[in-house]
Amino acid sequence: MTVSYSLEVANARFGGFSKLLFRWKGSIYRLLYKEILVYCGLYTFVSVFYRCMLTPRQQALFERIALYCDQFTNTSFIPVSFVLGFYVTLAFNRWWGQYTSFPLPDNLMMVVSGSVHGVDERGRLLRRTLLRYANLSSVLILRSISTRVRKRFPSLEHIVDAGFMTTTDLEMLESLHSDFNKYWMPLTWFSNLAAEAREEGRVRSDVALKLLMEELNRYRAKCSLLFHYDWISIPLVYTQVVTAAVYSFFAFCLIGRQFLNPEKGYKDHKLDMYVPVFTLLQFFFYAGWLKVGELIINPFGEDDDDFETNQLIDRNIQVSMLAVDDMYQNLPPMVKDKHWAQACFSVPYTQSTIGESQRPVFNGSAYDMRMSTEELQRHQLQDRPLNPEVLQARGSLGAGLDGLRREGGGGATGGAGLPSWLESLRRPVGEDRVNGSGDEVSALTQVDSEST
């Protein structure tokens, strides 16, 4: 059963997490105690072998080897923290994704209850059959990925005995030949039965049928996602790298962390404590970290913190049948609520929560901000006249043309309006256009080049 301790950490208090350290079920001690015992036994064997079974010459050789190994265990030669941290983060994201992908029929049963009508036996049969098909699909997919469900339903006959499908359903399921998992077949039956209910008028509109099919597709997508989570695992090479990094690191620690003879004056070997306290703590943390990744990489097993798949199956089938059968059009009578005649009312508190009613209501972090009298004074901005020279588009073609238009009759425009002058520019230069001196032609040529 999943270990829950949410109530014990609901309030942060002194020593709150410390109480959790002494729990056994679901703890790291239960997962790791065998590895710690094996590691302590190996360390003790190497220590006794070095102290009692080697000659002085062999001890000197062992000490040189120990010093050589120690220089790698005391540095970042093997990046255990980095490799483990990234691996456990990846495994946790995968674990959470599998949890959120668990197919729950709640949304589907609400749509079925509100869309498939009929108080007669046919309507009741339609609703119960639709939800039975949906639950059957989840049982088939969980039976394929969860060892707990597989032990509960080792064969399809056990599923028939449990009432998730009939013998006719089983014959149809086995008659369809497919090399792949056939968890999708009951959902196909669901869609066909929903279409039949629409033809009978039990589903009263195409919009209701569309909503029903959309919820069915979401349910099917979660079943498919669980199957692919089980099929596509974290690459094996990465799992091997992490495991090899942790085990090789502590294999070197078996020799490099030995307490050498302090009389020989080796650096950092002035004490002979026999028990490597900090090495054991490091083993507990790193190996425990690896155990966490091993625990959550597949939550459909039988560990203490794995998902309670069998209990979820029981809950889903019971709740979905109640929603579409016993509770179909089973409404409490509408009555005026207790505060019907009161425009402003308050909800009572218990004695243990009465203090919360005295707290001020939060209206925003800046709601009660204080300001001085000077800061509260109003200042009206004076309207400033606009400078026409600033608004004038200097250097533009329009300004140049306006300047030419405002010139006297001796100019190119000859006092004519701007549109007629532009029209004259579009005509080719000829005798009918050049009526004055050559200066006028030059002025027109200059205006054309500026406009270009």
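Glycine 118 is found in the loop between α4 and α5, the latter covering residues 121-145, where helices and strands are DSSP runs numbered from the N terminus, a helix (H or I) having at least four residues and a strand (E) at least two. Not counting residues up to four places away in sequence, glycine 118 touches Gly123, Arg124, Arg127, Arg202 and Tyr328, a contact being heavy atoms within 4.5 Å. The C-alpha atoms of glycine 118 and glycine 201 are separated by 9.5 Å, although the two are 83 residues apart along the chain.

Before going on, a word on the source: this is a predicted model, in which local features need pLDDT of at least 70 and side-chain atom pairs count only at pLDDT 80 or more, while totals for chains, interfaces and linings use all residues. Residues are numbered from 1 along each chain as its sequence is written, and side-chain values use heavy atoms, with hydrogens and water left out.

Serine 113 itself lies in helix α4, residues 106-115, and counts as buried at 19% relative accessibility.

Now the whole chain. How many helices and strands are there in the chain? There are 18 helices and zero strands. Buried residues make up 33% of the 452 residues, and among contacts between residues at least 6 apart in sequence, 70% join residues at least 24 apart.

For one example of how helices meet, take α1 (residues 28-52) and α2 (residues 56-73), which pack at an angle of about 140° with their axes 9 Å apart. Axes here are lines fitted to C-alpha atoms, for helices over the stretch in contact, and angles run from 0 to 180 degrees between N-to-C directions. That angle makes α1 oblique to α2, because angles under 35 degrees count as roughly parallel, over 145 as roughly antiparallel, 65 to 115 as roughly perpendicular, and the rest as oblique. The contact is made by Val46, Tyr50 and Arg51 of α1 and by Gln59, Phe62 and Glu63 of α2.

Let me turn to the aromatic rings, of which the structure holds 23 pairs. Rings of Phe, Tyr and Trp (its six-membered ring) pair if their centres lie within 6.5 Å, and planes under 30 degrees apart count as stacked, over 60 as edge-to-face, and the rest as tilted. Tyrosine 87 and tyrosine 238 have ring centres 5.4 Å apart and planes at 75°, so the pair is edge-to-face. This pair links distant parts of the chain, with tyrosine 87 in helix α3 (residues 80-100) and tyrosine 238 in helix α11, 151 residues apart, and both tyrosine 87 and tyrosine 238 are buried. Tyrosine 99 and phenylalanine 307, by contrast, form a tilted pair, 5.8 Å centre to centre with 55° between the planes. Since tyrosine 99 lies in helix α3 and phenylalanine 307 in the loop between α12 and α13, this pair ties together parts that are 208 residues apart in sequence. Tyrosine 99 is partly exposed, at 45% relative accessible area, whereas phenylalanine 307 is buried, at 10%. Both belong to a cluster in which ring pairs link Phe92, Trp95, Trp96, Tyr99, Phe300 and Phe307.

Finally, two backbone details. Most residues other than glycine have a negative phi. Tyrosine 274, however, has a positive phi near 70°; this residue is in the loop between α11 (236-256) and α12 (277-296) and counts as exposed at 53% relative accessibility. Glutamine 329 also has a positive phi, of about 55°, although it is not a glycine. Where is glutamine 329 found? Its place is the loop between α13 (309-326) and α14 (373-376), and at 53% relative accessibility glutamine 329 counts as exposed.

Methods. Buried < 20%, exposed > 50% of the residue type's maximum accessible area, 1.4 Å probe, protein only.
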